[in-house]
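I am opening a notebook on this model and will write down what I look up, one topic at a time. The sequence and structure come first, and my entries follow.

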Amino acid sequence: MTGNREQGIGNRAALVRVVLPQHLRTLAGVGIEVELEVGRPVTVRRVLDALEARYPMLGGTIREYGTGQRRAFLRFFACEEDWSHEGMDVELPAAVAEGREPLLIIGAIAGG
Amino acid sequence: MSGVRVLVGTKKGAFVLSADGTRKDWKVNGPFFAGWEIYHVKGSPVDPNRIYASQTSGWFGQLIQRSDDGGATWAPVGNKFAYDGVPGTHQWYDGTPHPWEFKRVWHLEPSLTDAETVYAGIEDAALFKSTDGGTNWEELAGLRGHGTGPHWQPGAGGMCLHTILLDPANQERMYIAISAAGAFRTDDGGKNWKPINKGLVSNFMPDPTAEVGHCVHHVSMHPSRPEVLFMQKHWDVMRSDNAGDQWHEVSGNLPTDFGFAIDIHAHEPETLYVVPIKSDSEHFPLEGKLQVWRSRTGGNEWEPLTKGLPQENCFVNVLRDAMAVDSLDDCGVYFGTTGGQVYCSPDGGDSWQAIVHDLPAVLSVEVQTMK
């Protein structure tokens, strides 16, 4: 596979870990964490694109159809920081791109 | 061997209750989609193994689930409900314009002739259709595009299209109802619609007899006589004998004519059932006594049915889609409550038994009759 060697690590797809909330794990039929190949630079949008491509039943459950925006009661966390209000195209920390830390998709605690 | 399958949608999942034709011993399966709100579950009259369910959540949005084996297993199908064109605005609670926004699917109505075709009534009010088993959805935009659309306003539960009635004698004719816009009819398969609210009087409106704006809670039709409709309005039980062109009140001696559910006996088109609820500000039965009221005369003359129902300290509600009938020889009547009970009467309402006592709040009840 000379292509990857020629591109170097900076262009190789990242192996990103994503932690899903319980209801979406059940829906997709997966465990707590899934691992996805994501193109670089690794952003929330690219992670969600890869997630929905692998698990089409998750379409519309994390971001709205039409607007593509994060659903109001979901949050994104990475490396103990809230990434919910960063742009979808902002590069995530290297620790996420390198698979050392997961991207956490969390349902807001709401409803009493 | 005859039997019934009762499809129950609740605030926290779906349940399938089944019994043989005696309707005495019940098997309870579920919860399916545990933790999600299941607004409606309904089977295809063409293929009873084909069942559709509306699964929704404030966190994760809308899903449509489909079973092809009578509810034993399920798979998510299409959940993309995109309004046709630029959605425009309807009225908000305060009368200001508010953009149409998809929130959830309230009601799924499978076609009478094709198991792959199913209609969805959504909030904010619109009608969608799928012809591929729920995979893809297309709006029947003529309804929302009706000239009155910008004047529709949400009811307390949201601006929902909650009732879809398909005319078994005329494939081009269909009825829908919206809270709080009113009832509408199409005679050309959904291209064009007309409001059918003449005779409705809603005193909370600036013009109580306006063409639209009525808070219709539910409409029921007997398949043998599809031009006769019965309506539980916010207040008032109404009847139309001409496909909704004109309505008249048949509340008669009901102790309160507020309520949500209304249904018709499977073999007696003049026998109706309602569950009177105290008022729009107190959503529970009068005096804590849960009573179904039956009319055998197409309205006006009503009798309370209480045998087997709690007659003290009962403060549950029965929601609009939470009553159904089976079509066994002895017509069974079913309803679910916000207290989690599902009641069955195997004798047309004379006596009742609780199939289950402690489900989550029941949002919908449908019945499949196996003969």
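Which residues in the largest nonpolar core touch the most other members? I looked this up in the predicted model, and the answer is B:Val6, B:Val8, B:Ile176, B:Ala261, B:Tyr334, B:Val342 and B:Val365, in a core of 105 residues. I then followed B:Tyr334 and, leaving aside its neighbours within four places in sequence, found it in contact with B:Val6, B:Met323, B:Ala324, B:Val342, B:Tyr343, B:Cys344, B:Val365 and B:Val367. There is also a second, separate core of 28 residues, which includes A:Val16, A:Val34, A:Ile62 and A:Leu104. As background I noted that nonpolar side chains tend to be buried together in soluble globular proteins.

Entry on chain B as a whole. I counted 1 helix and 30 strands in chain B. Its radius of gyration is 19 Å, close to the 21 Å that the globule rule gives for 371 residues, so chain B is as compact as a globular protein of that length. I read the span of its C-alpha trace along the principal axes as about 50 × 45 × 40 Å, and I found that buried residues make up 52% of the 371 residues. Taking contacts in chain B between residues at least 6 apart in sequence, I noted that 49% of them join residues at least 24 apart.

Entry on two sheets of chain B. I traced an open sheet of 4 strands in the order S4-S5-S6-S7 of chain B, with antiparallel pairing. Strand S4 (37–43) and strand S7 (75–76) of chain B each have a single partner strand, so one side of each is left without a neighbour in the sheet. Looking at the S7 end, I found 2 bridges joining strand S6 (residues 61–67) of chain B to S7(B), and there B:Gln65 stands opposite B:Pro76.

I then traced an open sheet with the order S18-S19-S20-S21 in chain B, made of 4 strands with antiparallel pairing. Its edges are strand S18 (216–221) and strand S21 (248–249) of chain B, each with a single partner strand, so one side of each is left without a neighbour in the sheet. Within this sheet, strand S19 (residues 229–233) and strand S20 (residues 237–240) of chain B pair over 4 bridges in the antiparallel sense, with B:Gln232 opposite B:Val237.

Entry on chain A. I found that strand S1 (residues 14–19) of chain A pairs with S2(A) in the antiparallel sense over 6 bridges, and that A:Ala14 has A:Val38 as its bridge partner. Which face of strand S2 (residues 33–38) of chain A is covered, and which is uncovered? The covered face holds A:Val34, A:Leu36 and A:Val38, while A:Glu33, A:Glu35 and A:Glu37 lie on the uncovered one. I recalled that side chains in a regular strand alternate between the two faces of the sheet.

Turning to H3(A), I listed its buried residues as A:Val44, A:Arg46, A:Val47, A:Leu48, A:Ala50 and A:Leu51; what covers them includes S1, S2, strand S3 (74–78) and strand S5 (103–107) of chain A.

Entry on where the chains meet. I found 13 residues of chain A in contact with 12 residues of chain B. Helix H2 (residues 22–28) of chain A gives the largest share of chain A's side, 3 residues. By class, that side has 6 nonpolar, 6 polar and 1 charged residues.

Entry on confidence. Chain A averages a pLDDT of 90, and 88% of its residues score at least 70. Over residues 1–8 of chain A, however, pLDDT stays under 50. Where pLDDT is low, the predicted coordinates should not be read in detail.

Terms used. Residues are numbered from 1 along each chain as its sequence is written. Chains are lettered from A and ligands numbered from 1 in the order in which they are written. This is a predicted model: local features need pLDDT of at least 70, side-chain atom pairs count only at pLDDT 80 or more; totals for chains, interfaces and linings use all residues. Two strands pair if DSSP finds at least two bridges between them. Two residues are in contact if their C-beta atoms, placed from the backbone, lie within 7 Å. Ala, Val, Leu, Ile, Met, Phe, Trp, Tyr, Cys and Pro count as nonpolar, Asp, Glu, Lys and Arg as charged, and the others, Gly among them, as polar. pLDDT is the predictor's confidence in each residue, from 0 to 100. A residue is buried if 20 or more other C-beta atoms lie within 10 Å of its own, exposed if 12 or fewer, and partly exposed in between; C-beta atoms are placed from the backbone. A nonpolar core is a set of buried Ala, Val, Leu, Ile, Met, Phe, Trp, Tyr and Cys residues joined through C-beta atoms within 7 Å. The radius of gyration is taken over C-alpha atoms; the globule rule is 2.2 Å times the number of residues to the power 0.38.
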